[in-house]
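Hi,

Here is the structure I promised to pass on.

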Amino acid sequence: MSQFLTKRILQMLVALLGVSIVVFALIHLVPGDPVRVALGTRFDQDLYDMLRERSGLDRPFIEQYFAWLGNALTGDLGLSFRNSQPVTSLVLERLPATITLAFAALFVAIVVALPAGIISAVRSGKPLDYAVSAASQVGISMPDFWAGVMYILLFALTLRWLPSSGYVSFLESPIEWLRHLVLPAITIGLISGSVITRFVRSAVLEALNQDYVRTARAKGLSEWRIIRRHVLPNAWIPIVTVVGLQLGFLMGGLVVVEVIFAWPGLGRLALTAVKDRDFTLLQGAVLYIAFMFLTINLIVDLIYVRLDPRVRVS
Amino acid sequence: MTVAPSTPMERLPEKPVSRSREIWQTLIANRLAVAGLVVLALLVLMAVLAEVIAPFGINDIDIPNRLTGPSMSHWFGTDDLGRDVLSRVIIASRVSLQVGFIAVGFALAFGVPIGLVAGYYRGKTDSILMRLMDILFSFPAILLAIAILAVLGPGIRNAMVAIGLVYTPIFARITRGSVIVVSEEVYIRAARSLGARDGRIIFRHILPNVLAPIIVQTTLSLAFAILSEAALSFLGLGVQPPNPAWGRMLAEGRNFFQQAPWMGIFPGVAILVTVMSFNFVGDGLRDALDPKQKSVIESRGQSV
Amino acid sequence: MTRSAIRPKWVLMLLAIALVAAACGDDDAETTTTAAAAGTTTVTTAGDDGDTATTAAPATTAAAAEPMVLVAAQGSEPDTLDPHLTSAYASFQVLENVYDTLVQPGDDLSMEPALAESWTISADNLTWTFVLRQGVKFHNGREFVADDVVFSFERIIAEGLNGWRFGSVESVTAVDDYTVDVTLTVPSPNLLVSVAGFKGMAIVAKETVEDGTIATNPVGTGPFRFVSQSPDGGIVLEANSDFWRAGEGLPILDGIRFVQIPDAGTKLTALRTGEVDWIDAVPPQDVDGLSSEAGITVGRVPGGDYHYFALNQNRPPFNDVRVRRAIATAINRTEIAEAAQFGAATANQTAIPASNGSWHLDYAPYQSADIAGAQALLDDAGVADLSIDFLVTSDFPETVTQAQVIAAQLAPLGITVNIVDVDFGTWLDMEGNGEFDAFMLSWIGNIDPDDFYYAQHHTGEWANFQGYSNPDVDALLDAARVETDSAARKALYDQAAAMIVDDASYIYLYNPDNINAWSDAVGGYATRGDNAIRFVGTFLQP
Amino acid sequence: MSDPILSVRDLRVRFGTKRGVAEVVNGISYDLHAGETLSIVGESGSGKSVSVLALMRLLAEPPAAIAGSVLLHGRDLLKASHRDMRSVRGKDLAMIFQDPMTSLNPVRTVGYQLSESMSLHLGLTADSARRRAIELLDMVGIPSPDVRIDEYPHQLSGGMRQRVMIAMGLSCDPDVLIADEPTTALDVTTQAQITDLVAELQQRIGMAVIWITHDLGVVAGIADRVIVMYGGRFMEEAGVNDLYAAPNHPYTDGLLGSLPMPGADRPEKLVTIPGLPPDPVAMPPGCPFAPRCVHSDASRCHIEVPVFEPDRARHLVACHYPLQVTA
């Protein structure tokens, strides 16, 4: 087990290195550079050259990368081009908001998807199944920005139940934290939940069709017990994969929702960094997002091993 | 069920029904799948004949008649520049379907083989391929698409590549996961130990058994690809105006949600109908392709 | 579009502002105060409650009970709080209330005293002497002196984004603690606007630059003191009790909290639900609806920005003035303004809006939507089947809208407009590299005509991406820069402006209105022509 | 003579399908007595598996529609509530299935799956269920059962898994064990071992067994009586020796003819029956075997269905023209 972990952690580091190279290469291939954007329309060649030299942007690409990498290995992700703040602190101060939202959204997604998917599979072909399917299709077809705007207009503006935007830290006020969290979490959660519902239904249906379910029935077990003890433990395996993928998606796909709900998260930070061509900041934000994603992956794999004895032994 | 009985009695001649015909028959026996196929066919027809069907041009600007609700002359109302929403929804079908098909086709073409190879060979090949996929996948999807588009330049073709690339790792992972499970099956182990060629095992034995999750993912991804176009258009990187795409129309309509909800609702409904059709066909295909559900009677008999 | 009915509430409020301003513009003869404000400012409001004449007095007493904190929503995030290094409007919205400049644009945009109480100009027009206000304190308690002016200006010249504004400045010297001399190489009639037109020219505390805290913890002399900035709490300011206008009861608010809400729709909702008290902009399509909503006031004044597009004169056939004029003739500016701004704009064939009374030129040589005339010009130039790669950016969505309208307007001429919609970073790069047939943007926050014309239309200047070169225009712009007589200077600019319009160096479209909105609880605030966000006299009614 | 434990009368099973109603089991009747082993033989699609799934009520209704009666100790299972049915399954009627690879849950240990029905039906505690599970594993011949009990199905060989299935079937001392082609998926050596095991256990425990198979060769070693099924109907029923010695039904004869029987007189005479089994959606009106039968005639066989009433003392045949006179 520890050997497995060590191997996976090494692989993770390699992947992170790969991510940093890709980010670096991409951001340098993209037209425009941070100085150009900082100057805006008030362009001035001399000033431009001066600022480029000062920020080291005039050095060769490879040299810049290794300089950055050298510092990164010591834990220093550099300073943001735009405001000279340490990237690490800029990212870290936004991390809690993003993690909170991602997990809250996943929570909503799972709370919705598991019962819906299981009921849909067990009642396969019945009206309830069609109702769940139709609802999940609508959920899948709904762009997040559209859903978000509708919830804001309904719950914040018309009903005045919840705030329209912003983030309050849990430590400051748990109630306000929750109130601000609800709408963005539901916006993403219901969409993710719609996707997961389909996979849960498919996985449960698949498991329900297995011979061992017939065996369990022949033992005289109740349907509910069969689903709980025999179907779900098998269905978990594909479901966990999808949930892991979804969480990865959530981590990065928060950009739009963070914009709509003025949620001070990493997605928005990364978007700003792309627009500003602030590659140190982007590098930092993406590395953290990638790190979270890879960690989730690792956790998913560990859960996998826990869930599937076949993988455990071989 | 997987091992053929060896007594002669079991070797009674099979009904001469080819596999593809059988799949087709199962598929068209599924009413929802047929409905989906019909709607998709109509959509494709609409896309082909768009210019002929659309009552107005896509750039017929009419500021005095902007933001008017559905009426006899403009069934779907007009947008913020007074353009006919119906015409734009019709013409947008072309771009949106293209985005869906080509982007997902790209992801399938790269993701599935990668997943097959990684899951079948395991070991180093697996590690390298999946780390590459991890790298691609651990980027926030929209940011990756933005970066790709910024490098390649905006426009619909590049948008398709960007979306396709974003979805590639998903197909790779899902395929790989199923391949690993299937590879443990006795018949695969048997085939391998008998020295069957890898290519043959992968394509004849493994691929058919991992198609179900891939199909589910494909139909889902078609929906998401069309919506990704919306997100990219939202950021100004998708279809170049004034050419309409459903996603772009939705993104624009969002700003007029209160003044002119029809600007977003109709393209939204178009996406919904398309996505549902894809999913119906996908579900039907999955049932039809699943080797465990070869005949209706058998599947019914055992589905309990 | 223009609802000029000024309601009693507003008259009173403007009077209050005028009184406050008059109280400070005490002694100096060269100061113009805000008496004309009501004249140049058209304010639209639909707030209906008659209870008005609230002035500073009751608000100050209310402060004793509960802190009076204004929540202001911004549409984008300040990138840095260093006034010399930012070009972000969001940063300036905050810094406007933290920093002071030597002098500042008053409500009619003429320059009035701020940190400098008065100034004199030498006979040769080459030395400006500023007499500084005494007893002004930075937020860290240190007294403001002439060295701070010298340090700030030298920093701007050396590394700030606005160093170019000091183009004619030879040196800045502290004569004594309260006197600063600015020496010029050539006369600069617009020096005040150049060195103090906006908070990018702020006077900063040297020690914050030296210890590097300026970017995150700005220390100024302004009405509000910076407290904190965090992703969840936004930017928090508190009243500066030592403000140099404290004697007038300013600032009135106990504090301001700036929150960032990037989505315009959400921002509007937050105002409607009362989560925020003030928002920095209103989507044009919502202005009319919002104006008639109870409880919300929309402040709207003609702004100094202009929207335009330019054809690449380094590429044929756009080097042919007839082609450019054909396009300028074929378009319908009113329709473009209506389409993009829903009436919250004024079509204009020149750059400077009518609201800028001192420099406006009433000149409109092009007929609107004159397809026949345009076709004749194209035929004359021998150009047919023209195709234009039109560079716009979704980061400024109105450019995308306008380009679509222009495409439709040019279609009858057989001109194909290929809209190239990229993000702003790419846009800037493509503009800089000349990769366009046409580009479209707006130019913001101008006061002096030099800002409108010189960098954009003088041969070889840095903002002249369209490659315009007309020796006559160059000569006029050069001469106007050093002309100290206002009337003569106006005449020079008028000539230059007419040539620029005739040559269609830029094809000007319209001047948009500046629009803010706030809840009726907010008093003592007015939208300004230069889009500066000043909360110094603002208060909240319970 | 004692009453039968299980008495099946006129059992019919139909499925609604897209093509129409499939008549899969068309009125079968038989009795099963304590300690007896009854083998139902037929090829795929003959309805033999469906008939036992139907009496276990393991078919989904709909699409299946079940008629007739299934009396277990005189109680009609087809009229029992779902709850009652669950208390019968695994306790009174146990069943083991064809493919031990897929019939065991891959993510549950052997012990878990074994103990499950014991704690349900016998109310055993976890500890005693585990002890009994180890005993059962030992009884079905699994070496070191105390280790194997914590293993997962994929860690066992096919034969071992089927032994586990059998142990599961026996765990609650059922009156009847239904074995649905339990050896089909196994190799020949293992097949014999499993068959012997069941036979031996039956001797020890004294339960009745219904053994479903398509393989007449397997039947010979285990069954007391044999029923030959075709097209959802019984063709012939007899004591195992009678049947082998003197098949009365042309179909049975054909089956035996196509069977390579080691040591039999006609080892090389491998005869296949020409034609296809009947389509359950379009059953022929008369004898289901008539279309393939060389002895059939148009006037009777294609019109009138031959039937027999259960009588375990006799050699029964459902044929208008049986090959031999019954003994």
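This is a predicted model: local features need pLDDT of at least 70, side-chain atom pairs count only at pLDDT 80 or more; totals for chains, interfaces and linings use all residues.

Chain contacts first. Five pairs of chains touch, and the pair with the most contacts is A and B. On that interface, 43 residues of chain A meet 41 residues of chain B. Quite a few helices of chain A give two or more residues to the side that touches chain B, including helix 6 (127–141), helix 8 (174–208) and helix 10 (223–253). Helix 1 of chain A gives the largest share, with eight residues. If you sort that side of chain A by residue class, you get 28 nonpolar, 12 polar and three charged residues. Chains C and D, on the other hand, have no contact joining them, and their closest C-alpha atoms are 46 Å apart.

Within its own chain, helix 13 of chain A packs with helix 5 (residues 87–122) of chain A: their axes come within 9 Å and cross at roughly 45 degrees. From helix 5 of chain A, the residues making the contact are Val87(A), Thr88(A), Leu90(A), Val91(A) and Leu95(A), and they meet Thr280(A), Leu281(A), Gly284(A), Ala285(A) and Tyr288(A) of helix 13 of chain A. That contact has seven nonpolar and three polar residues, with no charged ones.

Last stop, chain D. Here seven strands make an open sheet with mixed pairing, and the strand order is 6-7-8-3-9-10-11. Strand 6 (93–96) and strand 11 (316–317) of chain D are the edges, each pairing on one side only. Further in, strand 3 (residues 37–41) and strand 8 (residues 208–213) of chain D pair in the parallel sense over five bridges. To find the spot on screen, look for Ser39(D), which stands opposite Trp211(D) of strand 8 of chain D. Helix 1 (residues 48–55) of chain D lies across strands 3, 7, 8 and 9 of chain D, and runs at about 145 degrees to strand 8 of chain D.

Cheers

Terms used:
Residues are numbered from 1 along each chain as its sequence is written. Chains are lettered from A and ligands numbered from 1 in the order in which they are written. Two residues are in contact if their C-beta atoms, placed from the backbone, lie within 7 Å. Helices (H or I, at least four residues) and strands (E, at least two) are DSSP runs, numbered from the N terminus. Ala, Val, Leu, Ile, Met, Phe, Trp, Tyr, Cys and Pro count as nonpolar, Asp, Glu, Lys and Arg as charged, and the others, Gly among them, as polar. Axes are lines fitted to C-alpha atoms, for helices over the stretch in contact, and angles run from 0 to 180 degrees between N-to-C directions. Two strands pair if DSSP finds at least two bridges between them.
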